[in-house]
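This report describes one protein chain, from its overall layout to a few of its parts. Keep the sequence and the structure in view while reading.

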Amino acid sequence: SQRVYGNSVTDYINNADTRTALHIPEDVPAYEECSSAVGDNWHYQEEASEWIYKVLKTNGIKMLHYSGDTDAAVPTYGTRRWIANLNWSMKSAWRPWYTAGTEGSQVSGYVEEYDGLTFATIKGVGHMAPQWARQAVQGLVTAYMHGEPY
């Protein structure tokens, strides 16, 4: 199998000592990154995780949602659709953002801001954006957290 950044976390979680320390029963299968396996207790939730954004907004929590713009698993189009379903007013229209806030550099993605949520795309990467565009994602998240331009 292909090694990607983050497999050290998988190795750590599946380590016998870690599983013991975390009280993970022996009958629980090993952790797999992006596994499609689900247990018998799985149930379908129509609204998915949409409800949590409303709860977080109500409690004044600042939210950033980002997505790789070539993500076939969770495509940007679908994310923009559920954000539209929130019916939150737009504060800032779709615009390019740049790593480290320097407009002379390469466009790192696009961003739009709503009352309660900022949505950004990461240019040229898919579902594992933090692995394949580490500098851009780190720059975006750091700037967002510190209220700096991006």
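**Overall layout**

The model is predicted. Its protein chain has six helices and four strands, and along the sequence these follow the pattern α-α-α-β-α-β-β-β-α-α. Of the 150 residues in the protein chain, 29% are buried. The chain exposes about 10400 Å², and 53% of that area is supplied by carbon and sulfur atoms. Among contacts between residues at least 6 apart in sequence, 56% join residues at least 24 apart.

**Nonpolar cores**

In soluble globular proteins, nonpolar side chains tend to be buried together. Which residues touch the most other members of the largest nonpolar core here? They are W97, I122, L140 and Y150, in a core of 13 residues. Both β4 (117-122) and α6 (134-146) supply at least two residues of this core. Helix α6 gives the most, with five residues.

A second, separate core has nine residues, including Y53, W88, Y114 and L117.

Leaving out residues up to four places away in sequence, W97 touches a run of residues from V107 to V111, namely V107, S108, G109, Y110 and V111. W97 also touches A120, T121 and I122, as well as A136, L140 and Y150.

**A buried threonine in a loop**

T99 lies in the loop between β2 (90-98) and β3 (107-114). Is this residue, T99, buried or exposed? With a relative accessible area of 18%, T99 falls under the 20% cut-off and therefore counts as buried. The side chains of T99 and S108 are joined by a polar contact of 2.5 Å. Apart from neighbours within four places in sequence, T99 is in contact with S105, Q106, S108, Q135 and A136.

| α4 (residues 76-85) | T76, T79, W82, I83 | Y77, R81, N85 | 130° |

In helix α4, the buried residues are T76, T79, W82 and I83. Seen down the axis of α4, these buried residues fall within an arc of 130°, so they line one face of the helix. The face turned away from the buried side of α4 carries the exposed residues Y77, R81 and N85. The cover over the buried residues of α4 includes α3 (50-58), β1 (64-68), β3 and β4. Just after α4, N87 has a positive phi of about 60°.

Helix α6 has 13 residues and spans 18 Å from its first C-alpha to its last, close to the 18 Å expected at 1.5 Å a residue. G147 follows α6, and its phi is positive, near 70°.

Notes: Residues are numbered from 1 along each chain as its sequence is written. This is a predicted model: local features need pLDDT of at least 70, side-chain atom pairs count only at pLDDT 80 or more; totals for chains, interfaces and linings use all residues. Side-chain values use heavy atoms; hydrogens and water are left out. Buried means under 20% relative accessible area, exposed over 50%, partly exposed in between (1.4 Å probe, protein chains only). Contact means heavy atoms within 4.5 Å. Accessible areas come from the Shrake-Rupley method with a 1.4 Å probe; for residues, only the protein chains shown count as cover. A nonpolar core is a set of buried Ala, Val, Leu, Ile, Met, Phe, Trp, Tyr and Cys residues joined through side-chain atoms within 4.5 Å. A polar contact is a pair of N or O atoms within 3.5 Å; within protein, one must be able to donate a hydrogen and the other to accept it, and residues adjacent in sequence count only if both atoms are side-chain atoms. The arc is that of the directions from the helix axis to the C-beta atoms. The expected span of a helix is 1.5 Å times one less than its number of residues.
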